[in-house]
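Reader: I'd like to go through the labels on this one and hear what stands behind each of them. Can you take me through it?

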Amino acid sequence: MGKPLPLDGIPTPRYDLLPDNFFIQRVVQATRGCPFTCSFCTVPALNPGFRTRPVSEVIKDVEYAQFRHWWQRKVVWFWDDNLTIKRQYIRTLLTAMVPLRKWWLTQASMDIADDRTLLNLMKRSGCIGIFFGIESFGVESLEDAHKPQNKVSKYRDKIRALHDQGICVMAGFIAGFDGDTPETIAAMAKQLYDAGVDVPFLSILTPYRGTPAYAKMVKEARILDGRGWEFYNGYNVPFRPKNMSPEQLLQAHRALWREAFSLRYSLLRIVRSFFRLRFGAFLMCAAMNGFYCLKRLRGNEPMSFNESSVYSEFTNLTGTEQQLNA
Ligand code: SF4
């Protein structure tokens, strides 16, 4: 394992090398790492500690403007693990962003909902969207996720605090924790709508090597033999769930995905956001829900694998590639 180095002196990326069809091109990293230790997350292993870039260097990336379309010049996507965790740093960064009049989005922990001063600064600096890893509505599942900072009874109020600033709330949910059953997964489509989530992201628990979730699955002999990397894409089941079969988990997730992105729920979220969110946040909410709803209507749902339908690219690997993949 390497040693984390300081983030000073990283040059502005060669955004000009990106193909024009990348909808959002200006992806910026201001920080790396996260102080939490969620059981399924690779960040603590891949980016240990919490490091920040000098604000002046981040602002240089934010000011880069050689993009073709107005939205590419306008939007800044902070691809950080947990951008807001160090308050003094984020306040300095956002204060410097206020005069630039950008629209920006990132991911953060739900604790920001209690910091009205920060929320206000986020709004003034152009925040249009925050991604929360909500993960689950089940207390036992949140324990399994090692996410004690998420309190189910507070979801609604915390999301409302962001809506009060006109900010869109995207949220990730994971199916397959030890507290989950097919019934609890099915209930999530309504729960996430009732909680106020504007754009849901729905995945299946994936125990990547190096995470506590993987260590636990190995210890309990729950990693399924014969399930290669194609099962580790966040939408398939490479392990034996506690309260259902792998196939039941897969089907429960697909049913949830279809229900959450049905025309009904997608339209409800878009209409609701029109009355709650600032203009840029509404546009983003409508675009994301529209994208997933269109996929749903066309039957373009996540690809499902099983032992007899292995991803074709994996059947033609050389011996070395197979060893690397094992
Ligand atoms: S809060 Fe998010 S980034 Fe941090 S460890 Fe948990 S899942 Fe990973």
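Author: The cut-offs are 20 or more other C-beta atoms within 10 Å for buried, 12 or fewer for exposed, and partly exposed in between, with C-beta atoms placed from the backbone. Keep in mind that this is a predicted model, where local features need pLDDT of at least 70 and side-chain atom pairs count only at pLDDT 80 or more, while totals for chains, interfaces and linings use all residues. Residues are numbered from 1 along each chain as its sequence is written.

Reader: Where does Thr95 lie, and how far is Thr95 from Arg124 in space?

Author: Thr95 lies in helix α4. Helices here are DSSP runs of H or I with at least four residues, strands are runs of E with at least two, and both are numbered from the N terminus. From Thr95 to Arg124 it's 8.6 Å, C-alpha to C-alpha, across 29 residues of sequence.

Reader: What makes Ile134 buried or exposed?

Author: Ile134 has 27 other C-beta atoms within 10 Å, so Ile134 is buried. Its place is in strand β6, residues 127-135. Leaving out residues up to four places away in sequence, Ile134 touches Asn150, Tyr155, Ala171, Gly172 and Phe173. Touching, or being in contact, takes C-beta atoms, placed from the backbone, that lie within 7 Å. Ile134 and Lys147 are 8.9 Å apart in space, C-alpha to C-alpha, and 13 residues apart in sequence.

Reader: Why does Phe22 count as exposed?

Author: Phe22 has 12 C-beta neighbours inside 10 Å, and therefore counts as exposed. You'll find Phe22 in the segment before β1 (27-28). Between Phe22 and Gly33 there are 26 Å in space, C-alpha to C-alpha, for residues 11 apart in sequence.

Reader: What about phi of Arg101 and of Ala221?

Author: For Arg101, phi is near 55°, a positive value in a residue other than glycine. Phi of Ala221 is near 50°, again positive in a residue other than glycine. Arg101 has its place in the loop between α4 and β5 (103-107), whereas Ala221 is in the loop between α9 (212-219) and α10 (246-260). Arg101 has 9 C-beta neighbours inside 10 Å, so Arg101 counts as exposed. Ala221 has 7 other C-beta atoms within 10 Å, so Ala221 is exposed.

Reader: On to helix pairs. Why are α2 and α4 called oblique to each other?

Author: The axes of α2 (residues 55-63) and α4 (residues 87-97) cross at roughly 40° and come within 10 Å. Those axes are lines fitted to C-alpha atoms, for helices over the stretch in contact, with angles running from 0 to 180 degrees between N-to-C directions. Under 35 degrees is roughly parallel, over 145 roughly antiparallel, 65 to 115 roughly perpendicular, and the rest oblique. So α2 and α4 are oblique to each other.

Reader: Which hand does the crossing of α2 and α4 have, and which residues meet there?

Author: The crossing of α2 and α4 is right-handed. That word applies if the near helix is turned clockwise from the far one by less than a right angle, and left-handed if anticlockwise. Val55, Val58, Ile59 and Val62 in α2 meet Thr92, Leu93, Ala96 and Met97 in α4. By class, that contact has seven nonpolar, one polar and no charged residues. Nonpolar covers Ala, Val, Leu, Ile, Met, Phe, Trp, Tyr, Cys and Pro; Asp, Glu, Lys and Arg are charged; the others, Gly among them, are polar.

Reader: What makes α4 roughly parallel to α5?

Author: α4 and α5 (residues 116-124) pack at an angle of about 30°, with axes 9 Å apart. That angle makes α4 roughly parallel to α5. α4 passes α5 in a left-handed crossing. Arg87, Arg91, Leu94 and Thr95 of α4 make the contact with Leu118, Leu121 and Met122 of α5. The contact's residues divide into four nonpolar, one polar and two charged.

Reader: And how do you know how α8 runs relative to α10?

Author: The axes of α8 (residues 182-195) and α10 cross at roughly 15° and come within 9 Å. That makes α8 roughly parallel to α10. The crossing is right-handed.

Key
Contact = placed C-beta atoms within 7 Å.
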